[in-house]
Structure formats: C-alpha cells, structure tokens
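Please brief me on this structure. I want the ligand site, the metal site and a few selected residues.

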Amino acid sequence: MSGSELVAEKISVTFATRRHDPGHRALTDVSLRVGKGEIVGLVGESGSGKSTLGRVIVGLQESYTGSVRFDGETLAHRRTIAQRRAIQMVFQDPYASLDPQMTVWQMLEELLVVHRIGGTREARRERCGELMRLVHMPAGLLDVRPAGMSGGQRQRVAIARALAVDPRLVVADEATSALDVSVQAGIINLFADLRDKIGLSILFISHNLAVVRSLCDRVAVICQGEIVEVAATQAIFDAPQHDYTRQLLAAAPDLP
Ligand SMILES: Nc1ncnc2c1ncn2[C@@H]1O[C@H](COP(=O)(O)OP(=O)(O)OP(=O)(O)O)[C@@H](O)[C@H]1O
Ligand SMILES: [Mg+2]
C-alpha cells in the first residue's frame, strides 16, 4: 500500500517505576496498521495501554522495542522535525498539554513558525482564524489563555493545534470526550471530512463505542497491553470474536 501508511510492529513498552524494579509491561508485541485515509478506532478499558501506544506512534514515548514505519520509512526513536510534523497527537488531557501562560494565538503561532508555515504574521493570523473556524470556535478566543476557556473549548484548541501543521496522521486520544453531543458531531464530521478531502489518517482512541462505530473504518481492541482483535467496524459490532470484545460491547451504555 502506498501513501502515508502507518505500520507499528511488535511494539513493547515497559515502565520501571523504581530502580531495580522489573517494571510494568504497558504494551506487549502490539502490531497495528493505519492506512492512508483510514480511521482506525482503538478501544479498551482504562489502563490497557491506548495512550501509551499513541505516544509511541507520535514519537513521545522514546523507549520501546519494535518498529514504527510511516510512508515506508522506519522512524527513529527520536524523530526529525518533519516526522514530528507528519504525525500529530490530540492529547487526552488538554489542560495538561496546553501551556497555561500562552494565549491560543501564541501557541498556534509558535507552532507555525517552528514548522515554517505562513510567511508573515498576517498570514499566520489568518491561518489561525481558519483553524478556529474549523473547530467551531469564535476567533475572539485566540487571545485567551487556557484558564479562561471551558473544557470543551480547550479540547477544540488541542484539535486545532494538531491540525495546524497539516499532519498526515492524527492520533486523537479521547479528543471529543468533553464535548456536547452537537459539538462532538461537528468535530467528528470534521475528521471524516479531512479523511475524505486530504486523505488524513486517524487513530481514534475513545471510550465512546457509539462514536467509534459511526466514525471508524476498522477497530482494534486492546486488553492489558495486547491487541486481542482487529476487524472492520461492522464485524466488531455485529460479530465480535473475542470474549473481551463482547464484554466491552455489553458494558457500553450508549450503543443504540
Ligand atoms: N509514565 C508512566 N510511568 C509508569 N507507568 C505508566 C506511565 N504511563 C502509563 N503507565 C502505565 O501503563 C499502563 C497503560 O497506561 P495508558 O495511559 O496507556 O492507558 P490507557 O489505555 O490510555 O488508559 P485510559 O483509558 O485511562 O486513558 C497503565 O498501567 C499505566 O499505569
Ligand atoms: Mg489514555
């Protein structure tokens, strides 16, 4: 397959909490593919390793074994700036990932400058206005700091920040969980649109199985650091093969 395909192979991550501690295995031999323009859901209970896998893929978790390939190129544990630009993450906790000292404009502009997008201040300001529209935010909030925003607004800023640099793959970690259903629907349409229009690939991590079912092409189910099942979305929901997948579906309150 050509294009911006992501292939993670046999990824293992061990966290040692203390010295001489044998460590806690957060991921064991996880392999996952996200094709160009494909939206793959990643579901599993809390602590199963979803965010850890996301961090490996975007290059934030530098100690792992296994390989991450993108566009046919094996990515080093420490990424180049171009590689960092190509794969962006929307963090699970936007409050922790946004700089409290900076306004939205300052955060976005800094990114655009680092990645040399938008030659002049005016061009960058215009681009930031566009990004705000894209995530359904009033442009007036560009000059506000995170503390002055609601949780849902911060979540949308985190999405705008990930999209600002024209990535080819986005790891969206609970990116819409704090949003009202109507805003959530807008963001989900935005993701689907970007997939259709620019072939954006998305790894969509979510506890909301109804959203996963409506958005994703395929779904991977992770349990205690291991992927137990990967299949087309309809197959996962209509004919789950693994016991753990069946339990997860049975426990979902919001599946119509
Ligand atoms: N920096 C770290 N140091 C030590 N242990 C960690 C670290 N990050 C994650 N872990 C452990 O790795 C495991 C997987 O964590 P991870 O955050 O990937 O889970 P998750 O599936 O994203 O959970 P949630 O749905 O609650 O976000 C957990 O047992 C967690 O305690
Ligand atoms: Mg997580």
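This is a predicted model: local features need pLDDT of at least 70, side-chain atom pairs count only at pLDDT 80 or more; totals for chains, interfaces and linings use all residues.

Residues are numbered from 1 along each chain as its sequence is written, chains are lettered from A and ligands numbered from 1 in the order in which they are written, and side-chain values use heavy atoms, with hydrogens and water left out.

**Ligand 1**

- The shell around ligand 1 has 13 residues, and the closest are S46, G47, K50, T52 and Q92. A residue counts as near if one of its heavy atoms lies within 4 Å.
- Oxygen atoms of ligand 1 meet the protein at several points. A backbone N or O atom of G49 is 3.0 Å away from one. For a side-chain N or O atom of K50 the distance is 2.7 Å. For a polar side-chain atom of T52 it is 2.6 Å.
- On its own, ligand 1 has 640 Å² of accessible area, and the protein covers 63% of it. Areas come from the Shrake-Rupley method with a 1.4 Å probe; for residues, only the protein chains shown count as cover.
- Two or more shell residues come from each of β2 (24-34) and α1 (50-58). The most come from α1, with 3 residues. Helices (H or I, at least four residues) and strands (E, at least two) are DSSP runs, numbered from the N terminus.
- By class, the shell holds 2 nonpolar, 9 polar and 2 charged residues. Ala, Val, Leu, Ile, Met, Phe, Trp, Tyr, Cys and Pro count as nonpolar, Asp, Glu, Lys and Arg as charged, and the others, Gly among them, as polar.

**Magnesium (ligand 2)**

- S51 (OG) and Q92 (OE1) coordinate the magnesium ion at 2.0 to 2.3 Å. Donors are N, O and S atoms within 2.8 Å of the metal (3.2 Å for Na, K and Ca); water is not among the atoms, so the site may look incomplete.
- S51 sits in α1 and Q92 in the loop between β6 (87-90) and α3 (94-97), so the pair ties together parts 41 residues apart in sequence.
- S51 is partly exposed at 22% relative accessibility. Q92 is also partly exposed, at 41%. Buried means under 20% relative accessible area, exposed over 50%, and partly exposed in between (1.4 Å probe, protein chains only).

**Loop residues**

- Q61 lies in the loop between α1 and β4 (65-70). Q61 is buried, with a relative accessible area of 9%. Its side chain reaches the backbone oxygen of S63 at 3.0 Å.
- E45 is in the loop between β3 (39-43) and α1. E45 is partly exposed at 43% relative accessibility. Beyond four places in sequence, E45 touches K50, H207, I222, Y244 and L248. Contact means heavy atoms within 4.5 Å.
- E38 belongs to the loop between β2 and β3. E38 counts as buried, at 12% relative accessibility. A polar contact of 2.6 Å joins its side chain to that of R218. A polar contact is a pair of N or O atoms within 3.5 Å; within protein, one must be able to donate a hydrogen and the other to accept it, and residues adjacent in sequence count only if both atoms are side-chain atoms.

**Helix α4**

- In α4 (residues 104-114), V104, W105, M107, L108, E109, L111 and L112 are buried.
- These buried residues pack against α5 (121-134) and α6 (151-163).
- R116 follows α4 and has a positive phi, near 55°.
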